[in-house]
There are 2 protein chains.
Amino acid sequence: MLQGKILVAQGGGPTAVINQSLAGCVIEARKFAGVERVYGASHGVRGIVDEEFLDLTQETTHNLELVAETPCSALGSTREKPDLDYCREIFRVLQAHEISTFFYIGGNDSCDTLRIVSEEAAAADYALRCVHIPKTIDNDLLINDHTPGYPSAARFVACAFAGVNLDNAALPGVYVGVVMGRHAGYLTAASTLGRKYDDDGPHLIYLPERPFTIDAFLDDVKAVHNRLGRCVVAASEGILDPSGEPIAAKLAGGSETDAHGNIQLSGTSSLADLLTGLIRENLQIKRVRGDTLGYLQRSFLGCVSDVDQREAREVGEKAVQFAHWGNSDGSVTIHRTGFYSVEYRLSPLEAVARKTRPMEDAFIAPSGNDVTRDFLLYLRPLLGSGMPDAFRLRPNRVEKILGK
Amino acid sequence: MLQGKILVAQGGGPTAVINQSLAGCVIEARKFAGVERVYGASHGVRGIVDEEFLDLTQETTHNLELVAETPCSALGSTREKPDLDYCREIFRVLQAHEISTFFYIGGNDSCDTLRIVSEEAAAADYALRCVHIPKTIDNDLLINDHTPGYPSAARFVACAFAGVNLDNAALPGVYVGVVMGRHAGYLTAASTLGRKYDDDGPHLIYLPERPFTIDAFLDDVKAVHNRLGRCVVAASEGILDPSGEPIAAKLAGGSETDAHGNIQLSGTSSLADLLTGLIRENLQIKRVRGDTLGYLQRSFLGCVSDVDQREAREVGEKAVQFAHWGNSDGSVTIHRTGFYSVEYRLSPLEAVARKTRPMEDAFIAPSGNDVTRDFLLYLRPLLGSGMPDAFRLRPNRVEKILGK
């Protein structure tokens, strides 16, 4: 039963809808008579350890609704990955503030933090309810059909590639766009939802789930360019060579790594420059351009899926309901029940923590450089309503007179 | 008087609304009884020389309306910059096809092509009406208050920086976003329209109109970072060192140049990497990220200003009306008449051709790294209706117990 003091925090990379989950959690929690206070920690676990709490009981519902529609963690976030000692420190602060329930909105690392804190509380015989609220644009959480944040980022990527495809058709050449997603190809694959006509790009997509070789890449680009006179490529920031080494790391040498030991893949554009350089040097194609889609993918103000918004809201609300009516800690998970509908369950923390899910084989075409129709059916409903559409002139050719 | 065969073409970099001008021109031209055919040239002047024409008289109005809302030149574009011989070849094809009126949608280079073709026609005593329809996201055409395409690109840049500012607030550090615009700072300056609260970024903007020095840049970033614990920078791709050399070129060495002799500034991310590298090496700041906003700025599907749409439509329509009711060649220019309203005039081709307009001094703050209120008032109405807004939680701090 929900009572006393509640704490909510946001961890990891921001998304377009992470504040929907915050609002869903806070507004729902404030409805229960036994709830004294709803605190929000600044910058995730860092704010807990530093006792940097906001009293969200004193925030208006109206402003919470406006914040819900604003992208990026309103409480602030952190990239810190607590070890056992750090988690003990978290628990000590929760105890001191008599927190009864801890909601953490984040990915698999945030879920793992909750798992450890939950174990510490159990060992100390302290009644603490820990509930994980899922979010990640990488769409790589286990058990979940998909994760809040992914659909909006996918919509951005689809609209971006629909646009650069038109640009590339107007001024033909090769265009390479590098997409976020770390070890999972889901976000890169979303670029295919921007296609409409048969010859629309992206014509080639490269995912971390399939080994990337320079020779195959150049052959692919050459074949498309010969056929269409142009080529649009979507490449994941996390593509790997056949030995499993990241292509970006291969190039970058001693790159920055984060607290999770992951190499920094975003905020640098070396991969796009590497790939366009390879094409320029080897294929004698004049106009070759590359972009790294960068932070706009998760933060752009004004590109959001309404399906994503409502689901992010609901996982926050459900987390509170599971905490109140249920008897165990866990992670709220999303399960697809129709075309298109979902339901929410509470899954064990350890089932979601740490591990990541690659893109399913059934979603990747046998060629390895495209998606299947199954993937299009999987993603389309998530993009939400009002997807913009592209149109073209029909060919009514005029006969030549000079006949050049 | 409009009669016989009409030709329309699109040149230079695509914009989000360039097809509004096409639709405005074609639909209006088709209303005149004397008009036999409306042709569209594929890929600008290249398509004229190659006699690659579409008969737009056989396109439905309904589809033209849908194409109007689609970004990027539907007829295709070109970067070719005709010299006198090329223009004579254009004229020869126009003569062969008995074209009476030639509309060219483009920037100052396209206007210059029209100027030369117009002179050739006059010299040959051939009755050819040439009307230039303005477009460029760089906003650098003379005489015009602003140019179609700029408001939508500005809206994209404003929304992008509003988003990365929120991202940077959630995960503090330094963020550098490189913006298009070539020699004009207008598009970079648009990033400031994403600010709302006093401490919102971009905190620093760097424009081609003011000399860029590495020392001043590092001092600026350090000061902001010391004050706010974070810093968002918007830098124009066209920033120059005090001797007038492009910073991007300085770094890039032997870069690709186009037919106009311009260095390739977009489609490579070296400038963002250079600037973030400087900060990392000199300022001991850990989290430093850089993005090059790239082609999304002019092509993203679903980010458009409705004011830009209607004005782009109108300059196309007005071009036809000037051709029908007027007696001279010229360029359709936009003049501001209220807050906010505009009127359209026909200005001489030679007044708009070739030359570019830098950002006005009155729009640049004395510090050189920000805009003035005059600029905010200039740009805001152009962004159109429905601009998304960002909200934040209010501070209601909880007292510390452990007092760490």
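This is a predicted model: local features need pLDDT of at least 70, side-chain atom pairs count only at pLDDT 80 or more; totals for chains, interfaces and linings use all residues.
**Exercise 1. Work out the strand order of the open sheet in chain B, and say which strands stand at the edges.**

Step 1: Walk across the sheet. Its four strands come in the order S7-S8-S6-S9 (chain B), and the pairing is parallel.

Step 2: Look at the ends of that order. S7 (204–206) and S9 (288–292) of chain B each have a single partner strand, so one side of each lacks a neighbour in the sheet.

Step 3: Check the turn from strand to strand. Ignoring direction, neighbouring strands here are turned by 15° against each other on average.

Step 4: Zoom in on one pair. S6 (residues 174–179) of chain B joins S9(B) in the parallel sense through five bridges.

**Exercise 2. Find which strands helices H6 and H8 of chain B lie across.**

Step 1: Start with H6 (residues 150–170) of chain B. This helix lies across S6 and S8 (231–236) of chain B, and it runs at about 170° to S6(B).

Step 2: Move on to H8 (residues 214–228) of chain B. Helix H8 lies across S6, S7 and S8 of chain B, running at about 155° to S8(B).

**Exercise 3. Work out how chain A is related to chain B.**

Step 1: Read off the symmetry. The two copies are therefore related as by a two-fold rotation axis.

Step 2: Compare the contact surfaces. Both copies use the same surface, as 100% of the contact residues of chain A recur in chain B.

Methods
Residues are numbered from 1 along each chain as its sequence is written. Chains are lettered from A and ligands numbered from 1 in the order in which they are written. Two strands pair if DSSP finds at least two bridges between them. Helices (H or I, at least four residues) and strands (E, at least two) are DSSP runs, numbered from the N terminus. Axes are lines fitted to C-alpha atoms, for helices over the stretch in contact, and angles run from 0 to 180 degrees between N-to-C directions. Two residues are in contact if their C-beta atoms, placed from the backbone, lie within 7 Å. Copies are superposed by least squares on the C-alpha atoms of residues with pLDDT of at least 70 in both.
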